[in-house]
Amino acid sequence: MSIEPQELRRVMGHFATGVTVITTKDKDGAPNGLTANAFMSLSLNPPLVVIGVDKAAQCYSCFEPQSMFTVNFLSEDQEEVSRRFATKGIDKFAGLQWHAGRNGAAILDGALGYVECKITQCHDGGDHTIVVGEIVDAKASGDRPLIFFKGKYQRMPASSV
Ligand SMILES: Cc1cc2nc3c(=O)[nH]c(=O)nc-3n(C[C@H](O)[C@H](O)[C@H](O)COP(=O)(O)O)c2cc1C
């Protein structure tokens with residue numbers, strides 16, 4: 001069975017996800033990153049996560065074995081941050097509050113939580129690369145996530161958390 005990419009995107013949009021900004025550093029040490037919802041917890045022991053990175057992303061070359069990334073879980077008031085990190089060719093960090101974590105990648109102010117990782121494996125995944133990261137540090141607090149569903153940003157109802 002073959003399915004048109006547009007229809008596949010529509011179907012996949014029915015799977016609700018959180019929204020993350022994955023930060024990394026380029027070869028000159030400058031902060032870089034992208035908005036991503038292809039993220040999952042993979043293993044507790046050892047502590048591993050998986051992300052999917054588009055081979056066409058400008059920051060793609062930052063994701064190679066032994067390099068670092070941090071997954072920032074966006075909160076419901078960070079829709080603008082999500083849009084910003086999903087926009088090519090801009091200075092994504094201009095005017096943004098952040099600090100470098102233990103692995104050197106950016107931890108964004110206002111995020112619900114983060115996992116700091118070191119890349120251990122990269123696997124081919126069609127037009128994306130499946131990147132496995134070993135967690136070197138992690139923190140979370142707060143309870144109002146930004147949600148992505150049917151191609152739109154959503155928020156949890158006020159009474160649900
Ligand atoms: C809600 C949302 C989820 C996204 N998820 C991913 C993802 O999981 N992987 C990915 O490579 N791009 C994803 N993107 C697209 C990238 O954020 C976007 O293409 C970004 O500009 C790529 O980085 P670049 O500026 O370095 O090219 C997503 C965009 C949005 C709005």
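Guide: Happy to. Let us begin with strand 3 (31–36), which gives six residues to the lining of the largest pocket, the largest share. Helices (H or I, at least four residues) and strands (E, at least two) are DSSP runs, numbered from the N terminus. Before going on, please keep in mind that this is a predicted model, in which local features need pLDDT of at least 70, side-chain atom pairs count only at pLDDT 80 or more, and totals for chains, interfaces and linings use all residues. Residues are numbered from 1 along each chain as its sequence is written, and side-chain values use heavy atoms, with hydrogens and water left out.

A pocket here is found on a 1 Å grid over the protein atoms alone: it is an open set of points where a 1.4 Å probe fits, with protein on both sides within 12 Å along at least five of seven lines, and lining residues have an atom within 4 Å of a point. The largest pocket has a volume of about 1400 Å³, that is, the space filled by probe spheres set on the points, which are joined across faces, edges and corners. Its lining counts 41 residues, with Arg9, Thr35, Ala36, Asn37 and His128 nearest the centre. Besides strand 3, the elements that give two or more residues to this lining are helix 1 (5–12), strand 1 (17–18), strand 5, helix 2 (79–85) and strand 11 (146–149). By class, the lining has 19 nonpolar, 14 polar and eight charged residues, where Ala, Val, Leu, Ile, Met, Phe, Trp, Tyr, Cys and Pro count as nonpolar, Asp, Glu, Lys and Arg as charged, and the others, Gly among them, as polar.

Strand 3 and strand 5 (48–54) are the elements that give two or more residues to the shell around the ligand. That shell holds ten nonpolar, six polar and three charged residues. Of the 19 residues around the ligand, Thr35, Asp54, Gln58, Lys88 and Lys92 come nearest, with a residue counted as near if one of its heavy atoms lies within 4 Å.

Polar contacts (pairs of N or O atoms within 3.5 Å) come next. A polar backbone atom of threonine 35 is 2.7 Å from a ligand oxygen, while ligand nitrogen atoms lie 3.1 Å from one of asparagine 37 and 2.9 Å from one of glycine 52.

Conventions: A polar contact is a pair of N or O atoms within 3.5 Å; within protein, one must be able to donate a hydrogen and the other to accept it, and residues adjacent in sequence count only if both atoms are side-chain atoms.
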